[in-house]
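Subject: Structure handover

Hello,

Here is the structure I promised to pass on to you. Please open it first, and then read my notes below.

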Amino acid sequence: MQADELHAEVVRKYSEHINPYLAKLMNFAGFGVEVQGEGCYLTDQDGKRYLDCLGGYGVFSLGHRHPKVVEAVKRQLDELPLSGKTFFSKNQADLAERLARITPEGIEFTFFCNSGTEAVEAALKFAKATTRRAKVVSTIGGFHGKTIGSLSTTGREKYRKPFEPLMPGVEFVPYADAEAAVGAIDDSTACMIVEPIQGEGGIHVPPDGYLRAIREACDRHGALLVLDEVQTGFARTGKMFGCEHEGVRPDVMTFAKALGGGVIPIGAVSFTERICEAVFSENPLLHTSTFGGNPIACAAGLATLDVIKEEGLVERANEIGAVLIAGLREIKEKSELVTDARGRGMMLGVEFSMDEVGELTIAQVVKRGMIAAYTLNNPRVIRIEPPLVMTKEQAERAVETLGEAIEETQEILATLI
Ligand SMILES: *Cc1c(COP(=O)(O)O)cnc(C)c1O
């Protein structure tokens with residue numbers, strides 16, 4: 001089949017059987033059909049290579065098809081891909097222990113699931129069961145997933161409204177505002193759920209002391225601190241976990257995205273002994289998942305942690321992140337369309353003066369052989385979250401490409417006015 005025929009056929013099937021409105025949106029941005037991934041590159045139906053600066057919203061921290069993860073998964077595939085659900089699983093035991101070792105002190109236990117939103121669902125249930133309270137404090141612009149429970153804490157009304165009534169008892173406060181958070185946490189609060197850096201909200205880095213202030217307020221009122229590290233976890237921000245920037249110890253941490261090494265989906269929620277006892281002591285099956293903690297997913301997770309260590313990805317995130325942010329700041333100085341360039345490690349964002357500019361720029365970026373996307377809760381911000389294995393040369397090319405795309409967008413806009 002010809003490449004353009006293949007593209008047309010896939011778009012048609014999306015339109016007829018998946019989601020015609022989404023198909024239109026994707027077609028407008030000029031997206032092709034993905035055919036192959038390798039390292040920092042994705043290849044489309046034409047054989048055209050794209051430098052992946054979106055990294056699957058944080059999934060591809062190790063790049064596409066990292067050989068070590070692929071090998072571990074293939075090996076497991078030949079032994080036992082999914083759990084028989086009665087015996088103990090060695091991979092799950094190994095991964096739980098590894099997570100306990102690398103997470104902050106006090107976080108000792110892990111429940112495995114398959115996605116970020118499931119990890120958040122478990123976190124909310126565990127907080128409620130442990131405290132026997134119902135109030136949850138969350139942040140405006142925060143993203144915690146789209147299943148009913150998680151969605152109840154996702155801070156954008158547009159996504160919640162059609163599904164109301166949702167889980168009751170959620171109070172939203174502005175992000176990065178310690179005073180507002182501290183004011184909302186009271187004696188009826190089960191937990192505050194918050195991202196160490198707000199990802200979908202537009203890559204917002206809170207001021208130093210923000211998480212510490214929340215930690216103290218939670219301690220004062222017997223509430224739990226749930227850190228959603230689904231996007232910030234595993235070296236993305238230049239530390240293994242986002243909470244390390246402030247040295248804060250949460251009660252619960254949620255993970256997904258990068259943990260599967262970009263090869264197999266996996267989610268996890270890690271928590272303290274107190275929570276384990278409160279949730280599971282009377283009923284060890286109070287919360288379960290059929291596919292959660294399956295042997296291939298855990299094999300991918302174990303290989304991922306090995307690669308992060310062996311390839312020094314925490315250091316790389318700082319090193320390559322510095323190249324990227326310096327370039328993005330230069331773009332900001334030069335272009336009046338760009339109002340801010342910010343982020344930490346390799347979780348970066350570029351903010352535009354208008355929503356539409358981001359969209360137009362993405363089309364220009366794609367045309368030039370690079371992939372980027374805006375943040376889900378803030379269309380003014382284009383995120384730059386490439387694989388952490390990106391080279392310095394690739395980082396320089398990414399910045400150059402984005403700069404050119406913004407310049408052309410500016411020219412196009414000038415002809416329109
Ligand atoms: C992506 C994301 C989620 C949801 O993860 P899914 O796997 O899409 O359900 C939750 N929290 C944060 C911070 C995320 O970035």
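Let me start with C53, which is buried, its relative accessible area being 0%. Here buried means under 20% relative accessible area, exposed over 50%, and partly exposed in between, using a 1.4 Å probe and protein chains only. Before going further, please note that this is a predicted model, in which local features need pLDDT of at least 70 and side-chain atom pairs count only at pLDDT 80 or more, while totals for chains, interfaces and linings use all residues. Residues are numbered from 1 along each chain as its sequence is written, and side-chain values use heavy atoms, with hydrogens and water left out.

C243 is in no disulfide either, as the nearest cysteine sulfur, in C218, is 14 Å away. C243 is also buried, at 0% relative accessibility.

Now to the charged pairs. The whole structure holds 25 salt bridges, each being a side-chain nitrogen of Lys or Arg within 4 Å of a carboxyl oxygen of Asp or Glu. Here are some of them:

- E9 pairs with K13, with the closest N and O atoms 3.0 Å apart. Both sit in helix 1 (residues 3–18), 4 residues apart, about one turn of the helix. Helices are DSSP runs of H or I with at least four residues, numbered from the N terminus.
- R101 pairs with E97 at 3.3 Å between the closest N and O atoms. R101 is exposed at 60% relative accessible area, whereas E97 is partly exposed at 42%.
- E157 and R160 meet at 3.8 Å, N to O, and both belong to helix 8 (residues 157–160). E157 is partly exposed at 47%, while R160 is buried at 10%.

Salt bridges with shared partners also join K367, R368, E404 and E408 into one network.

One more residue to look at is R215 in helix 10 (residues 210–221). How buried is R215? Its relative accessible area is 13%, so R215 counts as buried. Leaving aside residues up to four places away in sequence, R215 touches A223, L225, V248, R249, P250 and D251, where contact means heavy atoms within 4.5 Å.

Happy browsing!

Terms used:
Helix = DSSP H or I, 4+ residues; strand = E, 2+ residues; numbered from the N terminus. Disulfide = S-S within 2.5 Å.
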